[in-house]
Amino acid sequence: MQVEGARCWLVGASSGLGAALARALDRAGAEVVVSARREERLSELSAGTRMRPVTVDVTDADSVRTACDGVLAELGGLDLVVYCAGTWQVSDVGEWDQESFEQHVSTNLLGLGRCLDVTLPTLRAQGGGTVVGIASVAAYRGVPGADYYGPTKAAAVNLLEALRASLRADGVRVMSVLPGFVRSEMTDSADFPQPFKITAEDAAARILEGLARDRAVLVFPRRMRALMTGARLVPAGLWPRLTPVLRHPWARRL
Ligand SMILES: NC(=O)c1ccc[n+]([C@@H]2O[C@H](COP(=O)([O-])OP(=O)(O)OC[C@H]3O[C@@H](n4cnc5c(N)ncnc54)[C@H](OP(=O)(O)O)[C@@H]3O)[C@@H](O)[C@H]2O)c1
């Protein structure tokens, strides 16, 4: 797609990958409305740029609908919807935390659905557009500590793949993005190995390139893609015995 001049709604833009992607899209000439809950962060991000802030809480359907109305009023249409909102907390299922599980599902998966609910009619009516969903390589295998997070990303990857086929006739493209570790508020405080970690700016540049090339799926960085591609081949019976390796100190050196 042509990013320059594209009317874009970026949901989950107040920090980390979303903020870096918003800056990259703005620099590339897109008209960007940035959304998240933290209004002051959105104001800081958009100050001195062409970006416009609209607050949203993706766990609240009314908030998403109101925000979308605001976005359409600002932009007069939509060419690109990027769903980057996400939450992650280390899980310890020794003490199952149903509230945390529901928070992950509501933010990472149902929030995507709420945004699709309000934006797809516009994209369809216009005869096309692009949807980008930021998932994660955590979608590929169940990993202890990501017991609540991983399933939401696996479901998002499945949903995005189905939509890519379902929306083809409407001219709506769907790109799934599965990053490995990215520097952000989400990961920087976590105390476990995060191999092949890249900056949010690096991740944003890869996504922009993926958009320019109309890629269907992006998995990066390359070494994490190779690692997870291999991990997918490990038999289910062997996987539980291998997962402690992911937390071994040597993994910090990768
Ligand atoms: N960092 C990584 O290593 C990594 C790896 C793979 C995938 N990802 C994915 O990349 C995306 C961005 O994560 P990040 O690493 O950049 O983390 P981050 O800095 O914590 O960003 C998360 C974003 O989601 C927004 N958000 C969370 N809950 C929301 C809600 N209820 N309503 C609206 N916005 C909400 C946050 O804004 P507010 O708090 O202001 O609402 C923030 O803008 C997430 O989907 C994450 O799962 C990250």
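The entries go from a helix pair to the cores and then to the loop.

I note first that this is a predicted model, where local features need pLDDT of at least 70, side-chain atom pairs count only at pLDDT 80 or more, and totals for chains, interfaces and linings use all residues. Residues are numbered from 1 along each chain as its sequence is written, and side-chain values use heavy atoms, with hydrogens and water left out.

**Helix pair.** I looked up α1 (residues 16-27) and α7 (residues 200-212): they pack at about 55°, axes 8 Å apart. I listed the contacts (heavy atoms within 4.5 Å). Leu21 and Leu25 are among the α1 residues that meet α7, whose side includes Ile207 and Leu211. The contact residues divide into eleven nonpolar, one polar and two charged.

**Cores.** I checked the nonpolar cores, which are sets of buried (under 20% relative accessible area) Ala, Val, Leu, Ile, Met, Phe, Trp, Tyr and Cys residues joined through side-chain atoms within 4.5 Å. The largest has 37 residues, and Leu10, Leu25, Ile207 and Leu211 have the most contacts inside it. Its largest share, seven residues, comes from α1. Another core, of 28 residues, lies apart from it and includes Val58 and Cys115.

**Loop residue.** I found Gln89 in the loop between β4 (80-83) and α4 (98-126). Gln89 is partly exposed, at 40% relative accessible area (the class from 20% to 50%, 1.4 Å probe, protein chains only). Beyond four places in sequence, Gln89 contacts Ser100, His104 and Gly145. Gln89 and Ala190 are 101 residues apart in sequence, yet 9.0 Å apart C-alpha to C-alpha.

Technical notes:
Axes fitted to C-alpha atoms, helices over the stretch in contact; angles between N-to-C directions. Helix = DSSP H or I, 4+ residues; strand = E, 2+ residues; numbered from the N terminus. Nonpolar A, V, L, I, M, F, W, Y, C, P; charged D, E, K, R; others polar.
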